[in-house]
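Me: Please take a close look at one part, the interface. Then follow the account on into the surroundings, and keep it brisk.

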Number of protein chains: 2
Amino acid sequence: MRVGEYLFNRLKALGVRHIFGIPGDFALPLYQALERTSIRPIVVTHEPAAGFAADAYARLKGLGVTVVTFGAGALNMVNSIAQAYAERSPVLVVSGAPEIHDRSLDALVHHKVRTFESQLAVYREITCAAAALNDPRMAMEEIDRVLEAVLRWKRPGYLEIPRDVVFARGARSHRVASTPHRPDPDALREVMAEVAARLNQSRRPVIYAGVEIERFGLIEKLVALAEKFNLPVVTSMDGKAVFPETHRNFVGIYMGKVGSAEAREVVENSDCVLMLGAFMTDVSTGLFTAQVDRATLMSASSEEVSVSHHRYPGVTLVDLVEHLLASRSVKRHALRLPRRAAPSAGSRSADLTTRGIVEELNAFLTPGRFTVVADVGDCMYACVDLRTDTFLGPGYYNSMGFAVPAAIAAELAWPKRRAIALVGDGGFQMTGMELGTAKAHGLRPIVILFNNGGFATMQAIAGRKDYFTVAPWDYVRIAESLGGRGAQVRSREGFRAALKEALDSRVFFLIEAILSPADISPTWTRIADEVRSRLRMPAS
Amino acid sequence: MRVGEYLFNRLKALGVRHIFGIPGDFALPLYQALERTSIRPIVVTHEPAAGFAADAYARLKGLGVTVVTFGAGALNMVNSIAQAYAERSPVLVVSGAPEIHDRSLDALVHHKVRTFESQLAVYREITCAAAALNDPRMAMEEIDRVLEAVLRWKRPGYLEIPRDVVFARGARSHRVASTPHRPDPDALREVMAEVAARLNQSRRPVIYAGVEIERFGLIEKLVALAEKFNLPVVTSMDGKAVFPETHRNFVGIYMGKVGSAEAREVVENSDCVLMLGAFMTDVSTGLFTAQVDRATLMSASSEEVSVSHHRYPGVTLVDLVEHLLASRSVKRHALRLPRRAAPSAGSRSADLTTRGIVEELNAFLTPGRFTVVADVGDCMYACVDLRTDTFLGPGYYNSMGFAVPAAIAAELAWPKRRAIALVGDGGFQMTGMELGTAKAHGLRPIVILFNNGGFATMQAIAGRKDYFTVAPWDYVRIAESLGGRGAQVRSREGFRAALKEALDSRVFFLIEAILSPADISPTWTRIADEVRSRLRMPAS
């Protein structure tokens with residue numbers, strides 16, 4: 001079997017139906033090999049979008065793939081893949097490369113930076129496994145090794161395939177290798193006893209769920225767990241919607257002082273916080289304003305379980321969740337939920353505000369019908385107050401430009417759901433033109449563009465400056481120029497009507513929501529206050 | 001003096017008047033420090049464009065600078081800076097970074113990939129000097145060291161400045177350090193004697209000039225040298241226009257079998273090729289079809305001079321050019337130029353073709369009034385036949401998306417010249433929306449968009465495929481939506497009229513030239529033939 005054929009067969013067996021990329025010249029044989037499979041190449045306009053799309057696809061399907069050219073292709077995706085690394089998303093980067101045959105004299109070949117190894121060195125920094133398949137005899141084993149690491153750690157992997165290796169024959173007798181994870185049974189018994197005892201003794205236990213719940217396919221098990229023990233659940237921002245936000249046990253998004261007040265009350269008054277696949281980042285802790293006593297904490301991740309100050313390496317989140325579900329020694333609690341604050345009167349105004357948009361969406365989002373994708377900026381932080389059953393957004397690494405490419409991938413990965421992308425004007429200017437790709441493939445995401453004319457989140461920190469201005473584009477006309485439709489709205493009523501129109505549209509639909517430059521979500525207002533007090537930047 | 005203040009003072013003294021970037025949160029103090037200088041921040045829509053713009057600015061002014069945020073900013077520019085490295089362009093990347101103060105517990109901070117050092121490790125692969133200014137006491141020395149390397153080697157440098165270091169005080173008694181280059185006088189004497197003897201014995205000498213002529217500010221000296229000894233001059237593609245193409249000694253662009261036939265005749269029949277700052281890459285050698293006998297070759301670069309098979313390390317291009325100019329021991333030759341082929345009849349057709357556009361531009365380009373910028377694709381290879389006094393284009397590394405951001409930088413760097421950007425539809429879809437930035441700053445580049453509906457260069461190699469299709473945008477309408485003007489043309493006459501209209505326009509002007517998908521420049525036709533025969537890709 002040929003090397004390229006082996007790779008794409010394996011990807012197909014793992015559920016991959018689409019790859020994202022651009023067919024530059026060093027990637028031509030890879031695209032030619034793809035033609036012989038049923039995997040469809042989705043050619044985007046710019047490589048950063050390929051990385052974002054593959055990341056979103058990975059979050060929904062368990063594996064996302066990009067196929068790009070050497071240098072100009074792969075190196076143009078470093079930020080997107082770095083984000084996938086930071087946010088634990090299983091993306092495989094497949095890069096074409098110059099022929100092994102042409103490398104003899106360390107020749108200067110286009111798309112090469114310093115040496116033929118420069119790109120591999122860069123990718124080693126942002127992946128959990130990386131290989132250059134320079135020897136066809138070893139290629140299949142290397143493919144297995146990288147894929148296994150990607151699937152196990154839910155981090156990106158990297159395969160570089162020289163142009164003359166794609167159609168070369170691999171090792172004849174190759175079989176897929178895999179070493180399944182098994183925890184030490186004694187360690188597991190010890191963990192389970194300790195966790196059960198703590199849960200049983202607790203008077204106010206709470207589950208704090210994070211991004212790994214979704215990455216390891218544990219959403220349904222988490223729901224079962226919460227219902228079995230009858231525990232309240234909060235999530236982190238990067239883990240938004242890993243627990244259905246319309247479930248009665250759901251409290252809110254915990255971010256220390258800056259997130260949901262109810263979530264804060266439940267977490268910070270708890271005597272037993274069970275953290276499942278969540279991480280203490282600057283964002284998730286509300287710039288380290290979180291007050292969680294380590295003594296009350298039990299935490300499980302893909303690498304280990306920890307209880308207060310001691311660790312059980314090698315016992316994983318999956319082990320813990322599955323054994324807790326099967327356990328008969330943990331008691332059922334009485335569900336104690338905080339009283340939810342009544343919505344403030346201001347949000348009922350007829351003017352369009354970020355907060356008003358979220359309220360309208362809460363009424364609009366029928367469960368099971370939409371995939372919500374958020375870009376970075378206030379449109380993401382406003383989602384602290386959004387209730388949704390699915391949510392994609394770079395809630396930790398926070399790179400702008402994610403939403404539109406991710407919405408395209410979301411409609412391909414889950415074709416029964418319409419994608420709704422929330423994006424600021426700054427983020428849209430980075431990758432929003434990818435809507436042309438949506439049109440080319442008959443996809444029809446609904447894009448809600450929060451147009452406040454500038455980097456409002458930065459302005460809330462550092463005051464008004466010329467350099468926070470975002471150039472005024474005619475967004476609706478641009479959407480039409482790409483073959484889609486659009487509407488500009490300035491009132492809540494207009495927004496509601498546009499949502500309805502978008503729902504009926506047979507092409508993608510862009511709603512340009514005109515907001516005041518001073519309109520900031522409650523969450524970002526609190527974040528900006530924190531940042532300002534920490535930065536102590538001299539007044540300009 | 002504060003660290004940020006010292007950096008920007010030094011940049012200003014080196015001629016920097018504009019920086020390119022996006023003010024993300026880790027870069028806020030840097031932008032605040034910039035406010036106290038007369039350096040203007042040019043905020044672009046997407047970081048890849050900031051890298052391209054700084055690269056173009058560097059090519060024209062001797063130093064270009066980007067100021068970006070950590071992670072999402074700097075890592076989104078890796079490809080652009082890799083290109084600047086490969087093409088020897090002196091770009092300084094200044095990246096903000098998390099506070100040193102917040103790093104104590106290896107906290108998870110947004111925009112961070114693996115460790116706080118990941119980004120520095122990536123940048124070490126694509127720069128000639130890199131430093132993280134984590135200690136304010138050492139910061140000024142590190143700034144000097146990185147700047148000196150950038151200016152000496154004409155390669156990118158990297159400075160990472162934590163948010164709490166920008167306004168920290170540096171070492172009090174700091175003076176700018178510099179160690180000027182001096183060649184070994186005996187080695188220099190030996191080189192000069194050998195070069196002079198070879199030139200004097202030669203019957204058909206030729207100068208083959210490359211990109212370093214422009215990077216080291218030697219364009220005028222090269223003209224003087226060619227005139228003094230009366231030698232014919234060819235250039236490489238990446239060194240296009242380092243010798244004025246309207247000069248009588250200029251022959252053409254040498255690229256082995258695929259470039260100018262006249263240049264090939266002169267170089268391959270020469271008994272003495274004096275290579276000045278040029279490099280044998282796959283592009284410059286026409287996919288290694290160049291036939292230059294090493295025995296006839298004398299080559300000078302920023303690192304050394306070589307003659308046939310021996311080398312003089314430490315004697316540089318600048319040393320050689322300056323001493324040759326001062327030398328009295330080299331004789332004046334009789335200029336022997338090949339007969340120029342008459343233009344073929346086909347190019348006189350009324351239909352618009354790539355070749356016809358180049359012919360129209362040859363009539364239009366008044367010397368001294370325009371900066372021509374080319375993107376990658378057939379629009380660049382067509383320029384083998386363009387005669388221009390200035391040319392910017394990634395002729396070696398070949399990353400798409402360069403032209404529009406570079407045209408913006410070109411008008412800022414050389415405000416007396418109008419920028420003309422040649423770009424394909426694929427390249428425009430990557431970074432063309434940066435025209436919104438042009439509008440915001442009152443710049444008015446003329447963009448010539450070669451619209452053949454797909455990756456025509458790839459199609460010429462691998463045949464028609466769905467994945468080579470570029471989505472059909474309404475480009476003229478998009479230009480208008482960004483505040484500019486445009487016209488779509490389908491004939492030579494229409495193109496000529498649009499150029500005239502563009503010249504008079506007070507805002508940027510986009511000419512969408514509709515070309516047949518099968519229309520390919522003579523140069524690319526030859527390249528595609530070569531690639532196809534080398535790849536031996538199986539028929540699909």
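Reply: **The interface and beyond**

In this predicted model, 79 residues of chain A are in contact with 79 residues of chain B; contact means heavy atoms within 4.5 Å. About 7100 Å² is buried between the two chains, with carbon and sulfur atoms giving 62%. That area is the accessible area (1.4 Å probe) that two parts lose on being put together, summed over both. On the chain A side, Leu108(A), Arg114(A) and Tyr467(A) lose the most area to chain B, together 10% of what that side buries.

Of the interface residues of chain A, 100% are also interface residues in chain B, so the copies meet through the same surface. Now the symmetry. Two copies of a chain are related by a rotation about an axis and a shift along it.

Residues are numbered from 1 along each chain as its sequence is written, and chains are lettered from A and ligands numbered from 1 in written order. Local features need pLDDT of at least 70 and side-chain atom pairs 80 or more, while totals for chains, interfaces and linings use all residues; side-chain values use heavy atoms, leaving out hydrogens and water.

Next, the cysteines. The structure holds zero disulfides over all chains, a disulfide being a pair of cysteine sulfur atoms within 2.5 Å. The sulfur of Cys379(A) is 6.9 Å from the closest cysteine sulfur, in Cys383(A), too far for a bond. Cys379(A) is buried at 3% relative accessibility, and Cys128(A) is partly exposed at 28%. Buried means under 20% relative accessible area, exposed over 50%, partly exposed in between (1.4 Å probe, protein chains only).

Last, a helix: α20(A). Helices are DSSP runs (H or I, at least four residues), numbered from the N terminus. Its buried residues are Thr523(A), Trp524(A), Ile527(A), Ala528(A), Glu530(A), Val531(A) and Leu535(A). They cover an arc of only 165° around the axis, which puts them on the same side of α20(A). The arc is that of directions from the helix axis to the C-beta atoms. Among the elements covering these residues are α13 (378-381) and α17 (456-462) of chain A.

Terms used:
Helices (H or I, at least four residues) and strands (E, at least two) are DSSP runs, numbered from the N terminus.
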